[in-house]
Amino acid sequence: QVDAVRVYVNSSSENLQYPVLFVVRQQKGVLSWQVPLIFRGLYQRTYNYQEVSRTLCPSEPTPETGPSDQVIFVDVASMAPFNITYELLVTRLENFQLETNKAFNFTASPSQPQYFLYKFPQDVDSVIIKVVSDAVYPCSVVSVQDIVCPVYDLDHNVEFNGVYQSMTKQAAITVQRKDFPGEQFFVVFVIKPEDYACGGSVPSSIHGNVNRTWNLQRTKNLQVMIVPSIKKYVYVQAMFFSFLSFLSFYLGSVVVAFVHYIRVRRKASAGRLSPEDGSGIMTSSHPITAGTPEGSSYGAIDESSSSGGRQLSSPERRPPAGSDTDSSVEEESDFDTMPEIESDKNVIRTKVFLYLSDLSRKDRRIVSKKYKIYFWNIITIAVFYALPVIQLVITYQTVVNVTGNQDICYYNFLCAHPLGVLSAFNNILSNVGHMLLGFLFLLIVLRRDILHRRAMEMKDIYTLDYGIPKHFGLFYAMGIALMMEGVLSACYHVCPNYSNFQFDTSFMYMIAGLCMLKLYQTRHPDINASAYSAYASFAVVICLAVLGVVFGKNDMWFWVIFSMIHVLASLALSTQIYYMGRFKIGKCYLGIFRRVAMVLYTDCIQQCSRPMYMDRMVLLIVGNLVNWSFAIFGLVYRPRDFASYILGIFICNLLLYLAFYIIMKLRSSEKLLPIPLFCIVATAVVWAAALYFFFQTLSSWEETPAESREKNRPCILLGFFDDHDVWHFLSAAALFFSFLVLLTLDDDLDVVRRDKIPVF
């Protein structure tokens with residue numbers, strides 16, 4: 001048992017010019033302080049205490065000498081020219097050594113700090129120090145220090161040694177045996193003279209000209225309990241669980257592909273299907289020629305309305321089958337000439353009823369080459385974005401490990417399991433799902449791409465014009481984006497804080513944007529945005545996100561400018577979508593507003609009963625109302641988490657467009673096959689579960705580190721993963737199912753002529 005001695009002193013003197021000096025000499029060190037004891041705060045404020053209590057560095061009996069008495073010298077001195085009365089009391093601490101799994105209650109104040117000793121049991125390699133208090137304030141600091149004398153137990157020096165974190169009502173520090181060669185350490189508790197470090201305000205009694213306070217009552221009742229952390233086998237169990245959970249998706253995909261292969265072969269042998277069928281490619285030997293029932297609003301136009309699309313179906317306008325090679329000398333403009341008046345873009349794309357044949361007139365090789373740029377560009381972006389991010393978060397982790405300042409990173413300290421130099425390995429491991437499922441999605445897209453190319457080699461598919469045009473560049477880009485989201489989310493969770501939260505959201509913007517582009521490309525392959533303009537738009541969004549992080553807290557001017565940009569961008573994009581890109585802005589950008597005014601006049605005044613493009617008008621009105629609502633919300637409430645605010649805008653627009661697409665698909669009497677229907681249901685269920693865990697806030701860099709720790713909670717899965725880790729698992733699965741919805745949604749149209757597939 002280790003013996004410790006505590007010295008209590010008190011002096012009635014308030015003369016700061018002649019303090020009483022106390023010097024305690026021990027065998028291993030010297031400890032000194034003065035009374036009144038002075039603490040300094042913000043703006044040169046001082047806090048003076050006439051009662052001081054300090055614990056002396058303990059002595060531990062050695063095997064050679066055995067128990068022995070401690071010899072302590074206490075020197076008291078003052079330069080005062082008059083007598084000063086003081087009180088000195090020395091006591092032996094009965095409960096200096098903390099025990100495992102046993103709570104201990106005590107009291108501390110700025111002038112009376114406390115520290116205790118803990119020794120690792122033989123079978124324990126890691127422990128968690130849990131400290132709780134019923135009161136939020138006063139602000140305190142919990143520190144873990146090696147067995148070195150003197151112990152740094154005052155506000156101005158507690159950060160000099162060991163690991164420390166600020167605290168209001170809760171704190172937790174994980175300590176590993178390997179970090180302490182002596183297999184023991186001190187747990188130090190310091191009460192700060194002011195609360196600003198924990199989110200509090202300066203006490204009202206010292207506002208104004210008064211900058212000196214005496215004996216401010218800042219006593220805090222604390223409870224400390226040290227519990228063993230998880231064993232090494234739990235790490236192995238958690239890693240197996242993480243990988244096997246997502247490898248089961250690979251197994252399921254293989255089973256689905258095998259069952260599909262057997263089904264297709266059996267039907268092919270029966271003569272009902274051609275043998276080159278494969279999930280989303282043209283399979284019928286005698287395809288149907290109508291996708292909508294007679295009398296449908298989309299099928300109500302005459303033959304001339306889609307004759308232009310059929311003219312391009314002639315073999316002489318198509319390259320030979322199998323010639324899907326990209327040519328470096330062929331440009332999109334070479335295949336975009338429409339000399340006939342019936343084939344002019346302005347005539348075709350502004351018809352009241354459009355069909356897919358009207359918007360899939362360009363040569364497939366050129367369009368495929370255009371969409372492959374999405375894939376190659378996102379790889380380049382990922383490399384240039386990820387490398388500096390990895391370097392930065394490694395620096396953050398190094399600073400945390402070297403300085404011991406655990407206020408830098410906003411972990412869930414009650415469920416932060418270190419591994420190597422990483423402080424919270426569980427938060428990083430849980431992102432493996434994004435990478436594994438992103439790679440699986442790439443494999444699924446690659447399979448479809450190969451089967452499609454194989455079908456083209458075996459049959460002249462260009463002469464048929466059936467189904468949605470197969471362009472896989474955006475799907476490949478989505479798979480890379482999902483993998484990079486896992487990488488950057490893991491980087492963010494190396495040291496989550498206010499400065500690097502954008503790493504966790506940047507590729508979320510790109511995923512939402514790519515999904516919207518893919519959904520639009522499905523029935524608008526000729527007029528979808530190019531990769532250069534799309535990624536340039538994403539770059540603008542990320543720039544706005546960075547500006548929002550810097551200026552979005554308190555600057556009203558930023559929110560006014562951003563809301564204006566948001567509303568104007570919504571109007572510009574709406575006009576572009578409404579007219580299928582067939583309008584000219586003119587010499588001045590103000591021309592777009594003249595166009596908007598013309599739309600309002602023609603569709604809302606001249607034809608108030610029914611706009612020219614009713615479905616598009618409904619979608620755009622609802623979309624603009626949603627976006628204007630976001631803009632008004634931002635102006636009024638100015639949310640501090642600007643990155644999540646922008647992400648919410650993207651997600652709401654994506655969900656709105658997807659819902660519109662599915663409704664219009666069903667309205668056009670198109671079918672949902674079993675696989676896309678299953679994916680839609682799975683997406684909804686998994687997203688609902690994921691969002692439940694997402695809103696279980698475990699930390700918040702919008703607050704001070706001490707306030708953030710009040711939200712910390714224990715692990716809920718395998719004793720290793722917390723609620724946010726479960727969000728990582730479920731969100732990865734939800735994104736994967738969402739991608740499969742976009743990939744398989746229109747598989748029912750593979751046997752329908754393009755001049756019978758409506759555009760919406």
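# Salt bridges, disulfides and a few strands

Reply: Lysine 665 and glutamate 670 form a salt bridge, with the closest N and O atoms 3.0 Å apart. Keep in mind that this is a predicted model.

Me: Ok. Is lysine 665 buried or exposed?

Reply: Lysine 665 counts as buried, because its relative accessibility is 0%. Glutamate 670 is buried too, with a relative accessible area of 7%.

Me: Which residues are linked with Lys665 in a network of salt bridges?

Reply: The network links Arg523, Lys665, Glu670, Asp746 and Asp748.

Me: And how many salt bridges does the structure hold?

Reply: The structure holds 19 salt bridges.

Me: Which residue does lysine 470 meet in a salt bridge?

Reply: Lysine 470 meets aspartate 750, at 3.1 Å from N to O. The pair links distant parts of the chain, 280 residues apart. Lysine 470 lies in the loop between helix H6 (432–458) and H7. Aspartate 750 lies in the segment after helix H16 (723–744).

Me: What about lysine 178, what does it bridge to?

Reply: Lysine 178 forms a salt bridge with aspartate 179. Their closest N and O atoms are 3.3 Å apart. Lysine 178 is exposed, with a relative accessible area of 58%. Aspartate 179 is partly exposed, at 43%.

Me: Back to helix H13. How far apart are its end C-alpha atoms?

Reply: They are 38 Å apart. Helix H13 covers residues 642–667, which is 26 residues. At 1.5 Å a residue it should span 38 Å, so the two values agree.

Me: What comes just after H13?

Reply: Serine 669 is there, and it takes a positive phi of about 65 degrees.

Me: New topic. How many disulfides are there?

Reply: The count comes to four disulfides. Counting bonded cysteines along the chain, the pattern is 1-3, 2-4, 5-7, 6-8.

Me: Which cysteine does cysteine 57 pair with?

Reply: Cysteine 57 forms a disulfide with cysteine 149, and their sulfur atoms are 1.4 Å apart. The link is left-handed, with -60 degrees about the S-S bond. Cysteine 57 lies in the loop between strand S6 (51–55) and strand S7 (73–77), and cysteine 149 in the loop between strand S12 (140–145) and strand S13 (163–167), so the pair ties together parts that are 92 residues apart in sequence.

Me: Buried or exposed, those two?

Reply: Cysteine 57 counts as buried, at 13% relative accessibility. Cysteine 149 is partly exposed, at 26%.

Me: What reaches the backbone oxygen of cysteine 57?

Reply: The side chain of glutamine 26 does, at 2.8 Å. Glutamine 26 sits in the loop between strand S2 (20–25) and strand S3 (30–35).

Me: Why does glutamine 26 count as buried?

Reply: Because its relative accessible area is 19%, and buried means under 20%. Not counting residues up to four places away in sequence, glutamine 26 touches Leu56, Cys57, Gln70 and Val71.

Me: What about cysteine 139, which partner does it have?

Reply: Cysteine 139 forms a disulfide with cysteine 198, their sulfur atoms 1.9 Å apart. This link is right-handed, with 50 degrees about the S-S bond. Cysteine 139 lies in the loop between strand S11 (126–132) and S12, and cysteine 198 in the loop between strand S15 (184–191) and strand S16 (212–214), so the pair ties together parts 59 residues apart in sequence. Both cysteine 139 and cysteine 198 are buried.

Me: And cysteine 409? Which cysteine does it pair with?

Reply: Cysteine 409 pairs with cysteine 495, their sulfur atoms 1.8 Å apart. The torsion about the S-S bond is about -95 degrees, so this disulfide is left-handed. Cysteine 409 counts as buried, at 2% relative accessibility. Cysteine 495 counts as buried at 0%.

Me: Last one. How do S12 and S13 run?

Reply: S12 and S13 run antiparallel, and five bridges join them. Valine 141 stands opposite serine 166 in S13. Four of the five residues of S13 are buried, so S13 is largely enclosed by the rest of the structure.

Terms used. Residues are numbered from 1 along each chain as its sequence is written. This is a predicted model: local features need pLDDT of at least 70, side-chain atom pairs count only at pLDDT 80 or more; totals for chains, interfaces and linings use all residues. Side-chain values use heavy atoms; hydrogens and water are left out. Helices (H or I, at least four residues) and strands (E, at least two) are DSSP runs, numbered from the N terminus. Buried means under 20% relative accessible area, exposed over 50%, partly exposed in between (1.4 Å probe, protein chains only). A polar contact is a pair of N or O atoms within 3.5 Å; within protein, one must be able to donate a hydrogen and the other to accept it, and residues adjacent in sequence count only if both atoms are side-chain atoms. Contact means heavy atoms within 4.5 Å. A disulfide is a pair of cysteine sulfur atoms within 2.5 Å. Two strands pair if DSSP finds at least two bridges between them. The expected span of a helix is 1.5 Å times one less than its number of residues. A salt bridge is a side-chain nitrogen of Lys or Arg within 4 Å of a carboxyl oxygen of Asp or Glu.
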